[in-house]
Amino acid sequence: MRKLGRLLAAVGVAAFISFPSGAQIAPLIANVTARHAVSLNGDWQVIVDPYDTGYLDYRATPLDNNNAFFKNYKPKSKSELVEYDFDKSGQLKVPGDWNTQRESLLFYEGSVWYKRSFDYSGDANGRVFLHFGAANYIADVYLNGQKLGRHEGGFTPFDFEITDKVKQQANFVVVRVNNSRAKDQVPTTNTDWWNYGGITRPVTLLTVPKTFIQDYLMQLEKGSSRHVKGWVQLNGPQLQQKITLKIPEAKFSQTYETDSNGRAEISFDSNFSLWSPENPKLYEVEIAATADRVTENIGFRSIETRGADILLNGKPIFLRGINIHEEAPLRPGRAWSEEDARTLLTWAKELGCNFVRLAHYPHNEAMLRMADRLGILVWAEVPVYWTIQWENPETLRNAQNQLQEMMTRDRNRAALIIYSVANETPISDARNRFIRQLIAEAHSNDTTRLVSAALQSHEERHDDRVQVSIQDPLANDLDVLGNNEYIGWYVHLPADADKMDWSSAYNKPLIMSEFGGDALFGFHGDELTRWTEEYQANLYEHQIAMLKRIPFLRGSTPWILKDFRSPRRTLPGIEDYFNRKGLMTDHGDKKKAFFVLQTFYEEVQTTQSQQSSYNTGK
Ligand code: GCU
């Protein structure tokens, strides 16, 4: 059943089939914000349900009577026993994690039930979808007391068709969100980030025509600066029809025919001003079908590798990057809005970045669209993090589904150049098999982007020098090698980086996807005193000197732009449940190392513009 779903999705007739309850998750609708949409954001009634009392009876059997919270049932008489009431149970903001909205929920892991009532006055001839930007981790969704379906995975969008279920008035959507951790999940039980629970991204009520433009792809063919290849996918009864594609600014307009599956292949030449960090040029693209019309902003660029070089629009580029977790700037909790994205990416630009690694899971769509507008290249990742259950086929299906959903949502983002399918995973046959499937899926679903993973280098001492290299079988399958190393923090002292000599058996580009160390802002001392800004700055000085000596290095994303919450960081007075490897605090204060990296990136930028390539061996 699920295999069929993925097969249909892979051939473009997207149908994400899941869940034995017969309810199904609908095909992901592209570009939700450009559709006729009603936002359901705001205050939702909630019930915090640590023992899943609203879901299971005392025998742990799923409830289906009025005690089930999704029924939102009210007693009909003074004698009727009903032990829950959404409307008297307090509220939480959506979008938003629950952890930072109530002190009592900061460490909470379990179920929280959300309820939102709404009237619907949309076009009675249209089709209606309920769209979620994301909910962490499992979301069981109900409308008017009926199950719509379940979504698993905390960082990707999902939607349900409710055309035949929605009423004009007094609808109520109920969502059971559960963020309990389990070994077979993706990510699994252990992560170095906060397990924020809740409906963390916008909820939207979409109205579309009976046959609508469900999805599309428009991008330059690999290695071309002129030839666009893509497709448009319709969804509905009238699959075969004419569609028109217009790019007014490029004086382009062409009509295509969709086939019996509602798909039209797109192919044309044009003379675009190519998208790049220096020139984040977006074109308004208009796709029109008989009853539907969608406009999209797309940048046209090509990305590829040639030996150890990464080529953007055919030219070698050095990726001056930084890691970012999806935590809001200047306030606690998950980021989700355009403003959050603008602030975080503006800080990255201030650092001198043309690239960000969005760690370790798909960030919100606003972040990708802002990267398109600000000209920041993106590494996006699925949370195959540390020790996943490699042998478990359900875990693999889950990881594939998250990858699929991430790729579907962001396929038209010029900024997105690299998909990462794993972070710091222990080498084993089962792991290799698991990740190779993700690499193959990424390549087969998108021929235009690069695939990478954050691997871990291997050290060999030779007299007073250390040979460092990547010895991971997956390196053969990746387009770009990512490597996490903590020389000077978890291993060695900062100055030991001066003894490190890097080599590679692979004629491929390397991105140093993580390095760094912790510092508490305002804590000062000598360069060898841990947790001081001086220690962190010194570590960066030695790291940068080492990076400059790596001939196949084509990018770096130090760990990390700003301090972030982590349940693994308990050191009182220093960590207090924050990972302090940020170059800034969670309040935007810059630490000394911020300026060390900024200086390095200025130098790279200057050299690159003079040489039109930095460290590209030319
Ligand atoms: C790891 C990991 C990060 C973590 C970081 C750290 O490499 O990928 O998620 O936060 O190191 O230890 O600070």
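**A walk through the predicted model**

Asn364 caps the N-terminal end of helix H3, with a side-chain oxygen 3.2 Å from the backbone nitrogen of Ala366. That is a polar contact, meaning a pair of N or O atoms within 3.5 Å; within protein, one atom must be able to donate a hydrogen and the other to accept it, and residues adjacent in sequence count only if both atoms are side-chain atoms. The model is predicted, so local features need pLDDT of at least 70 and side-chain atom pairs count only at pLDDT 80 or more, while totals for chains, interfaces and linings use all residues. Residues are numbered from 1 along each chain as its sequence is written, and side-chain values use heavy atoms, with hydrogens and water left out.

Stay with H3. The helix spans residues 365–374 and is mostly covered, with 8 of its 10 residues buried. Buried means under 20% relative accessible area, exposed means over 50%, and partly exposed lies in between (1.4 Å probe, protein chains only). The buried residues of H3 are Glu365, Met367, Leu368, Arg369, Met370, Ala371, Asp372 and Leu374. Gly375 follows the helix, and its phi is positive, near 75°. Helices (H or I, at least four residues) and strands (E, at least two) are DSSP runs, numbered from the N terminus.

Now the ligand. Which residues come nearest to the ligand? Of the 14 residues around it, they are Asp192, Tyr385, Glu424, Tyr490 and Lys581. A residue counts as near when one of its heavy atoms lies within 4 Å of the molecule. The shell divides into 5 nonpolar, 4 polar and 5 charged residues. Here Ala, Val, Leu, Ile, Met, Phe, Trp, Tyr, Cys and Pro count as nonpolar, Asp, Glu, Lys and Arg as charged, and the others, Gly among them, as polar.

An N or O atom in the side chain of Glu424 is 2.3 Å from an oxygen atom of the ligand. For Glu514, a polar side-chain atom lies 2.7 Å from a ligand oxygen. For Asn423, the distance from a polar side-chain atom to a ligand oxygen is 2.9 Å. Taken alone, the ligand exposes 320 Å², and the protein buries 97% of that. Accessible areas come from the Shrake-Rupley method with a 1.4 Å probe; for residues, only the protein chains shown count as cover.

Next, Arg449. This residue lies in the loop between helix H5 (429–445) and strand E25 (450–456). Is Arg449 buried or exposed? Arg449 is buried, because its relative accessible area is 2%. Its side chain reaches the backbone oxygen of Arg413 at 2.7 Å. A polar atom of the Arg449 side chain also lies 2.9 Å from the backbone oxygen of Arg411. Leaving aside neighbours within four places in sequence, Arg449 has contacts that include Lys222, Arg301, Asp410, Tyr419 and Asp479. Contact means heavy atoms within 4.5 Å.

Val294 sits in strand E17 (residues 293–298). Val294 counts as buried because its relative accessibility is 1%. Its C-alpha atom is separated by 6.6 Å from that of Ala34, 260 residues apart along the chain. Leaving aside neighbours within four places in sequence, Val294 is in contact with Asn31, Arg35, Ile213, Tyr216, Val285, Glu286 and Ile287.

An open sheet of 3 strands has the order E18-E19-E20, with antiparallel pairing. Its edge strands are E18 (303–306) and E20 (315–316), each pairing on one side only. Two strands pair if DSSP finds at least two bridges between them. E19 (residues 309–312) and E20 pair in the antiparallel sense over 2 bridges. Leu312 stands opposite Lys315 in E20.

Finally, the backbone in some loops. The peptide bond from Val94 to Pro95 is cis, with omega near -5°. Pro95 is in the loop between strands E3 (91–94) and E4 (111–118). The bond from Asn136 to Tyr137 is cis too, with omega near 20°. Tyr137 lies in the loop between strands E5 (127–132) and E6 (138–143).

Asp463 is not a glycine, yet has a positive phi of about 50°. Asp463 lies in the loop between strands E26 (458–462) and E27 (465–469). At a relative accessible area of 74%, Asp463 is exposed. His492, also not a glycine, has a positive phi of about 65°. The loop that holds His492 runs between strands E28 (481–484) and E29 (500–503). His492 is partly exposed, with a relative accessible area of 27%.
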